[in-house]
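Subject: Handing over the structure

Dear colleague,

I am passing this structure on to you, and you will find the sequence and the coordinates just below. After them I have set out what was found, going from the whole chain to its parts.

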Number of protein chains: 2
Amino acid sequence: MAVYTEVPDDELAEFVAGYDIGAVLSAKGIAEGVENSNFLLHTESGFFILTLYEKRTRESDLPFFVGLMEHLAAKGLVCPQPVKRRTGEALGRLAGRPAAIVTFLDGMGVKRPGVPHCGAVGEALARLHLAGADFPMRRENALSVRGWRPLFDAAQERADSVTPGLRAATESALDALEREWPSGLPGGVIHADLFPDNVFFIGSKLSGLIDFYFACTDAFAYDLAICLNAWCFEMDGSFNLTKGQAMIAGYRRVRELEPAEVHALPVLCRGAALRFMLTRLVDWLNVPPGALVKPKDPLEYYKKLRFHQRAESAADYGLVGVPA
Amino acid sequence: MAVYTEVPDDELAEFVAGYDIGAVLSAKGIAEGVENSNFLLHTESGFFILTLYEKRTRESDLPFFVGLMEHLAAKGLVCPQPVKRRTGEALGRLAGRPAAIVTFLDGMGVKRPGVPHCGAVGEALARLHLAGADFPMRRENALSVRGWRPLFDAAQERADSVTPGLRAATESALDALEREWPSGLPGGVIHADLFPDNVFFIGSKLSGLIDFYFACTDAFAYDLAICLNAWCFEMDGSFNLTKGQAMIAGYRRVRELEPAEVHALPVLCRGAALRFMLTRLVDWLNVPPGALVKPKDPLEYYKKLRFHQRAESAADYGLVGVPA
């Protein structure tokens with residue numbers, strides 16, 4: 001839940017007057033996204049989402065994110081489409097922050113994804129990878145292997161306060177990943193944060209993808225590894241192989257995995273688990289006492305990491321019919 | 001800002017299927033109201049507000065609130081209109097809570113009300129009083145004079161920690177109000193919480209009233225006193241007489257004040273200031289340390305109370321042309 005910025009009425013009216021979407025009829029802060037302020041905007045021409053980019057989103061990255069959404073929407077992928085200002089720009093400023101208006105997308109995140117959802121997500125992820133293939137901009141993945149050591153350094157002193165042994169286990173996993181991290185895999189634009197919150201469904205049908213604010217240029221199979229982590233584990237920490245099969249098969253219906261990607265899947269899954277464990281751990285250790293917003297539990301990803309450490313091949317994730 | 005309850009997808013779909021509004025396309029938690037959970041709901045037949053009533057709203061009061069909105073909407077007052085279930089009921093249950101769907105209302109609360117807004121609010125308030133006149137249900141105002149002593153008792157021990165002398169000043173104001181509180185004034189349904197958050201405007205035009213969850217049966221002029229407190233003071237605590245004039249004149253264009261109401265206006269204004277000071281004080285003293293939600297400042301209403309203690313007649317609030 002996130003609405004950080006109050007927008008004065010007159011500034012909002014003036015901002016919206018810079019677009020060809022009629023006058024503002026309503027603007028309601030919505031509980032969507034965790035980094036930025038989002039408003040559901042009703043104007044004389046329809047419903048939109050207004051996003052104010054808060055300080056955790058680097059302003060220099062915005063042209064990549066906004067350009068990517070335009071590119072993907074133009075390719076037919078259902079995602080929020082930036083609305084251009086009369087000047088032709090998609091980015092403006094409101095209440096002292098960079099701001100954009102994007103189209104309103106129907107659908108809702110599923111809270112308890114089932115097997116069919118996982119299959120649909122696999123397919124959509126592959127479509128995203130293909131649609132982004134000719135996107136001309138690049139953005140390095142700041143939260144890939146080279147970004148993990150600084151996170152570990154920030155958290156290691158107090159890691160064992162979360163659970164005994166966490167510091168040593170994390171360091172050893174990190175050491176191994178730094179040695180074994182693959183390079184040269186097929187890549188391009190990845191979403192990098194395609195959690196259930198960010199995939200909309202209407203009934204059982206996938207209706208769109210949102211929140212491209214971690215998107216970057218990296219290996220496609222790493223994005224699949226993130227999704228396997230985010231969608232295919234049960235609440236008790238067990239991996240649901242049927243969901244993994246559905247997701248990987250869904251992906252391969254649209255884009256076939258190359259042998260090097262198949263081979264790398266276990267190490268990529270370990271990396272993805274470590275990445276989310278580390279960012280959650282840093283947030284967990286830095287939450288103000290008594291805060292009402294409960295940070296996400298880093299131990300969820302510690303459990304997932306241990307599952308991945310026992311995985312031997314992509315078959316353990318549900319890949320069938322391809323020798324690793 | 002308030003979204004307290006997560007609603008499982010399947011429960012939401014089932015709940016909405018009880019209405020004749022098509023299937024759910026989207027539901028977003030919105031930052032509106034402070035007591036209940038509100039969602040902006042998009043279905044195949046349009047946009048609605050879904051409210052889940054949390055525990056601070058007494059379930060036995062809901063038929064009054066929902067019935068009142070129906071009554072007022074039927075009289076042509078623009079306010080959220082409860083949508084009836086196929087069973088004919090306006091109240092249902094969702095996620096273990098009483099829940100209702102009401103029509104979506106365009107417009108936004110003004111953050112910096114000007115003189116014309118105050119005039120429009122005065123008019124709308126009088127229209128509300130007239131439209132509610134034949135509403136058959138009654139609800140006692142639990143936050144009128146008899147409710148203040150228990151609030152004071154809950155806060156008095158620590159009142160001076162907020163500002164020195166607050167305890168004695170509050171007790172003396174309360175003693176006086178208990179002695180002088182008028183009875184027998186013209187009354188009926190009052191909104192009792194018509195703050196700028198709860199009055200929607202589109203541009204400079206008043207477009208509707210929301211949040212009837214403090215509505216009750218009480219003196220009309222007390223409702224006007226609440227609005228004078230809520231709308232006509234400046235940020236520095238000074239009373240803006242021009243705003244007061246506009247509000248009272250707006251009210252009188254629709255419903256004339258009787259001499260007894262004119263005479264009682266200063267004591268009603270003192271009572272309204274004390275009521276909001278006391279509820280804010282109790283919240284202020286009971287906020288958990290480190291909480292992210294900052295309670296509203298009780299001293300704002302302490303300042304207003306002191307202004308009212310110096311007021312001699314309704315003329316001090318901007319009433320013109322009527323001898324008190």
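The secondary structure of chain A, in what is a predicted model, comes to 9 helices and 9 strands. Its radius of gyration is 20 Å, close to the 20 Å that the globule rule gives for 324 residues, so chain A is as compact as a globular protein of that length. If you draw a box along the principal axes, the C-alpha atoms of chain A fill roughly 60 × 45 × 35 Å. Of the 324 residues of chain A, 45% count as buried. Among the contacts in chain A with a separation of 6 or more, 71% are made by residues 24 or more positions apart.

Domains of chain A

The domain assignment divides chain A into domain 1, covering 9-103, and domain 2, covering 115-317. The contact between them draws 16 residues from domain 1 of chain A and 16 residues from domain 2 of chain A. On the side of domain 1 of chain A that touches domain 2 of chain A, the residues divide by class into 9 nonpolar, 4 polar and 3 charged.

Chain A has an open sheet of 5 strands in the order β1-β2-β3-β5-β4, with antiparallel pairing. The strands β1 (24-29) and β4 (92-94) of chain A stand at the edges with a single partner strand each, so one side of each is left without a neighbour in the sheet. Neighbouring strands of this sheet are turned against each other by 35° on average, direction ignored. To follow one pairing in detail, you could begin with β1(A) and strand β2 (residues 37-43) of chain A, which pair in the antiparallel sense over 5 bridges; A:G29 has A:F39, in β2(A), as its bridge partner. Helix α1 (residues 9-17) of chain A lies across β1, β2, β4 and β5 (97-103) of chain A, and runs at about 115° to β1(A).

Strands and a helix of chain B

In chain B, strand β3 (residues 46-52) is mostly covered, with 5 of its 7 residues buried. Strand β2 (residues 37-43) of chain B pairs with β3(B) in the antiparallel sense over 7 bridges, and a hairpin joins β2(B) to β3(B) through 2 residues. One of the bridges sets B:S37 against B:L52, its partner in β3(B). Strand β3(B) also pairs in the antiparallel sense with strand β5 (residues 97-103) of chain B, over 5 bridges, and there B:I49 has B:V102, in β5(B), as its bridge partner.

Chain B also has an open sheet of 3 strands, in the order β6-β8-β9, with antiparallel pairing. Its edge strands are β6 (108-109) and β9 (205-209) of chain B, each of which pairs on one side only. Strand β8 (residues 199-202) of chain B and β9(B) pair in the antiparallel sense over 4 bridges, and the bridge partner of B:V199 is B:L209, in β9(B). Helix α3 (residues 115-131) of chain B packs on this sheet, where it touches β8 and β9 of chain B, and its direction makes about 40° with that of β9(B).

Two residues of chain A

Is A:D160 in chain A buried, exposed or partly exposed? With 14 other C-beta atoms within 10 Å, A:D160 is partly exposed, and you will find A:D160 in the loop between α4 (145-159) and α5 (166-180) of chain A. Leaving aside residues up to four places away in sequence, A:D160 touches A:G165, A:L166 and A:R167. A:D160 and A:I49 are 111 residues apart along the chain, and their C-alpha atoms are separated by 41 Å.

The other residue is A:Q309, which is found in helix α9 (residues 298-310) of chain A. A:Q309 counts as partly exposed because there are 15 C-beta neighbours inside 10 Å. Although A:Q309 and A:R270 are 39 residues apart in sequence, they are 6.8 Å apart in space, C-alpha to C-alpha.

With best wishes

Technical notes
Residues are numbered from 1 along each chain as its sequence is written. Chains are lettered from A and ligands numbered from 1 in the order in which they are written. This is a predicted model: local features need pLDDT of at least 70, side-chain atom pairs count only at pLDDT 80 or more; totals for chains, interfaces and linings use all residues. A residue is buried if 20 or more other C-beta atoms lie within 10 Å of its own, exposed if 12 or fewer, and partly exposed in between; C-beta atoms are placed from the backbone. Two strands pair if DSSP finds at least two bridges between them. Domain bounds come from an automatic or database domain assignment. Two residues are in contact if their C-beta atoms, placed from the backbone, lie within 7 Å. Ala, Val, Leu, Ile, Met, Phe, Trp, Tyr, Cys and Pro count as nonpolar, Asp, Glu, Lys and Arg as charged, and the others, Gly among them, as polar. Axes are lines fitted to C-alpha atoms, for helices over the stretch in contact, and angles run from 0 to 180 degrees between N-to-C directions. The radius of gyration is taken over C-alpha atoms; the globule rule is 2.2 Å times the number of residues to the power 0.38.
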